[in-house]
Amino acid sequence: MADTALDVPSRSPLGHAADRLAAATHASQGTIRLAELPFLAQLNIRLDAKGAAADAVGLALGLQLPLEPNTVVRAGESTVLWLGPDEWLLVAPPGTQRDLESRIREAAGEEFVSVTDVSAQRTTLLVAGPGARDLLAHGCSLDLHPRAFGPGRCAQTTLGRTQVVLVSRDEPGSGFWVLVRSSFALYLTDWLLDAATEYL
């Protein structure tokens with residue numbers, strides 16, 4: 001019998017780099033914390049922000065879709081990122097994508113909605129600690145000062161010449177999420193570890 005995708009155990013794009021990330025975190029003595037957050041559910045949602053589906057989907061998810069550009073709304077373990085006037089990215093705990101997709105489609109009813117599971121497209125790197133902003137500033141052209149890119153903000157940008165979605169988390173000390181395509185994850189990890197050398 002042929003193997004199917006369901007028979008193959010999931011492998012994180014950065015599973016083999018976990019020891020190096022942990023070693024850098026330990027060596028920085030609390031200045032930098034680096035880790036992969038693997039297998040987060042990620043759903044791309046497209047719908048009319050002014051239509052009935054937007055409110056219905058928000059109720060089904062227990063949060064309202066953010067309407068202000070480059071902002072984030074979080075409720076419980078779910079986070080929704082504004083990507084465009086009619087586009088959002090829902091990030092949630094691993095394994096929840098099917099349930100969330102069903103809830104979104106059911107809530108939208110006959111209204112137009114596009115829901116695409118992009119969980120396997122990207123992985124997420126956590127960059128936290130007092131030196132996190134300075135570390136990211138080495139390779140990101142955004143103004144990362146808290147006044148310009150404070151908690152609850154997100155942006156599609158480049159980091160170390162790699163396309164990423166950068167999220168400034170709103171929990172105290174939680175730092176940043178860097179959502180990166182799986183095929184570029186190892187390169188970006190190597191870049192971050194190299195850029196973090198001054199903190200080690």
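This is a predicted model: local features need pLDDT of at least 70, side-chain atom pairs count only at pLDDT 80 or more; totals for chains, interfaces and linings use all residues.
**Loops, burial and helix packing**

Trainee: Is Ser78 buried or exposed, and what is its relative accessible area?
Mentor: Under 20% relative accessible area counts as buried. Ser78 falls below that cut-off, so it is buried, and its value is 13%.

Trainee: Where does Leu65 sit, and what is its relative accessible area?
Mentor: You'll find Leu65 in the loop between helix 2 (52-61) and strand 3 (72-75). Beyond its neighbours within four places in sequence, it touches Leu47, Ala54, Val80 and Trp88. Leu65 is buried, with a relative accessible area of 8%.

Trainee: What separates the C-alpha atoms of Leu65 and Ala54?
Mentor: Ala54 is one of the residues in contact with Leu65. The two are 11 residues apart along the chain, and the separation of their C-alpha atoms is 7.1 Å.

Trainee: Which loop holds Phe39, and what is its phi?
Mentor: Look between strand 1 (33-37) and strand 2 (41-46) for the loop with Phe39. Phe39 is partly exposed, at 40% relative accessible area. Although Phe39 isn't a glycine, its phi is positive, at about 65°.

Trainee: And Arg161: is it buried or exposed, and at what relative accessibility?
Mentor: Arg161 belongs to the loop between strand 8 (153-159) and strand 9 (162-168). It isn't a glycine, yet it has a positive phi of about 65°. The cut-off for exposed is over 50%. Arg161 passes it and so counts as exposed, with a relative accessibility of 81%.

Trainee: How do helix 2 and helix 3 lie relative to each other?
Mentor: The axes of helix 2 and helix 3 (residues 97-108) come within 8 Å and cross at roughly 140°. Roughly antiparallel would need an angle over 145 degrees. Helix 2 passes helix 3 in a right-handed crossing. By its angle, the arrangement is therefore oblique.

Trainee: Which residues make that contact, and how many are charged?
Mentor: From helix 2 come Ala53, Ala56, Val57, Ala60 and Leu61, and they meet Leu100, Arg103, Ile104, Ala107 and Ala108 of helix 3. Sorted by class, there are 9 nonpolar residues and no polar ones, and the number of charged residues is 1.

Trainee: Why do helix 1 and helix 5 count as roughly parallel?
Mentor: Helix 1 (residues 18-27) and helix 5 (residues 182-195) have axes 11 Å apart. The crossing is left-handed. Angles under 35 degrees count as roughly parallel. This pair is therefore roughly parallel, as the packing angle is about 20°.

Trainee: How many charged residues are in the contact of helix 1 with helix 5?
Mentor: Helix 1 brings Arg20, Leu21 and Ala24, while helix 5 brings Leu186, Thr189, Asp190 and Leu193. By class, the contact has 4 nonpolar residues and 1 polar, and the charged count is 2.

Trainee: What span should helix 5 have, and how far apart are its end C-alpha atoms?
Mentor: Helix 5 has 14 residues, so at 1.5 Å a residue it should span 20 Å. The model agrees, since its end C-alpha atoms are apart by 20 Å.

Trainee: Which residues of helix 5 are buried?
Mentor: The cut-off here is under 20% relative accessible area. In helix 5, the buried residues are Ala185, Leu188, Thr189, Trp191, Leu192, Leu193 and Ala195.

Note on methods: Residues are numbered from 1 along each chain as its sequence is written. Side-chain values use heavy atoms; hydrogens and water are left out. Axes are lines fitted to C-alpha atoms, for helices over the stretch in contact, and angles run from 0 to 180 degrees between N-to-C directions. Helices (H or I, at least four residues) and strands (E, at least two) are DSSP runs, numbered from the N terminus. Angles under 35 degrees count as roughly parallel, over 145 as roughly antiparallel, 65 to 115 as roughly perpendicular and the rest as oblique. A crossing is left-handed if the near helix is turned anticlockwise from the far one by less than a right angle, and right-handed if clockwise. Contact means heavy atoms within 4.5 Å. Ala, Val, Leu, Ile, Met, Phe, Trp, Tyr, Cys and Pro count as nonpolar, Asp, Glu, Lys and Arg as charged, and the others, Gly among them, as polar. The expected span of a helix is 1.5 Å times one less than its number of residues. Buried means under 20% relative accessible area, exposed over 50%, partly exposed in between (1.4 Å probe, protein chains only).
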